[in-house]
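Dear colleague,

Please find the sequence and structure below, followed by a short account of what was found.

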Amino acid sequence: MGLDASSNIYVVPSGSLHKIPFESLVVSEATQCLFSDYYKSIVRISHARVIKNRKLNKSLDNIELFGGLDYGCNDDTISNDRGYALNYEGGEVTPLQPWNNLLYSNQEIDNIAFMWETTKGREQVGKHSLTNGTADIFYKLNERNVSVIHFATHGFFETPKTAINLPALKGRFSPMDLSGIVMSNGNQGWLYGSSIHHEGVLTASDISKMNLNDTSLVVLSVCNSGNGTVRSDELYGLQRAFKKAGVKNIIMSLWNESDEVGAMFMTKFYYHLLFDELSLIDSFNRAKNEIRAQFHHPIYWANFVMID
């Protein structure tokens, strides 16, 4: 049986393929068509058994939003990216510098909160911003019945060599300890903390110890959240952490995400999910295509991936 435009293609990435946005690869120079243009949908899944147990339209009731966070900066400098440039192969040491606040991440969670309140009710929305989006608030979601958890913040992915100047990560060797996200007051732990006490720095290892079995979707509107270290064909990082915690679906970014474009993409995704009542994957693909139409270079849209 052949494949056609109505086909759903399921892909189980292995090893370094986790880091490749193959849905967005150009397969025709003449038409600039992408792999995902040829078929109804390209769906990343963590294991083949997911296909059998897949529930596309499971009810999403409540959401917890983390964004517009105050990282404890001493000035009003604003960052345009939700992370920083990485030196994957060169092993250059990451300079110790503060995380700057993100202008559009606050707008992002405000937009999502408005849409969720409109369609689901105000009581179904938890919004955590400024100094209230702490790691401790996130930990309180452990074993809670939360449908969606959304992060719009900074992310990091380090190696033992690049992290030697970072107090929160120095001396760590596990890739699960060297990748994570930055929460409220994150500069306290990032600049002055230790591998044991790293206030505001949430590592993949921390997340993996939680029970999020009732969470259908985690959205990581976070730079490098889809990255990690490949070992035995598996990717160790935030993706593995949330899957180990029991999360069903994850939306991530493979590289540095523009703060402004990230907010636009997420607003479009939730609009299609809540108002158009599309499935997760259809809402994701629709939003991605709309960003692609507006920002043609793949650096702006090919970074967004979703795994089931």
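A residue is called buried when its relative accessible area is under 20%, exposed when over 50%, and partly exposed in between, using a 1.4 Å probe and protein chains only. Strands are DSSP runs of E with at least two residues, numbered from the N terminus. This is a predicted model, in which local features need pLDDT of at least 70 and side-chain atom pairs count only at pLDDT 80 or more, while totals for chains, interfaces and linings use all residues. Residues are numbered from 1 along each chain as its sequence is written, and side-chain values use heavy atoms, with hydrogens and water left out.

In strand E17 (residues 304-307), Phe304 and Met306 point one way and Val305 and Ile307 the other way, and all are buried. Strand E16 (residues 249-253) runs antiparallel to E17 and is joined to E17 by 4 bridges; two strands pair if DSSP finds at least two bridges between them. Isoleucine 250 stands opposite isoleucine 307 of E17.

An open sheet is formed by 3 strands in the order E10-E11-E12, with antiparallel pairing. Strand E10 (155-157) and strand E12 (201-203) stand at the edges with a single partner strand each, so one side of each is left without a neighbour in the sheet. Strand E11 (residues 179-182) is joined to E12 by 3 bridges, and isoleucine 181 has leucine 202 in E12 as its bridge partner.

Finally, leucine 17 lies in the loop between strand E1 (8-11) and strand E2 (26-28) and is partly exposed, with a relative accessible area of 43%.

With kind regards
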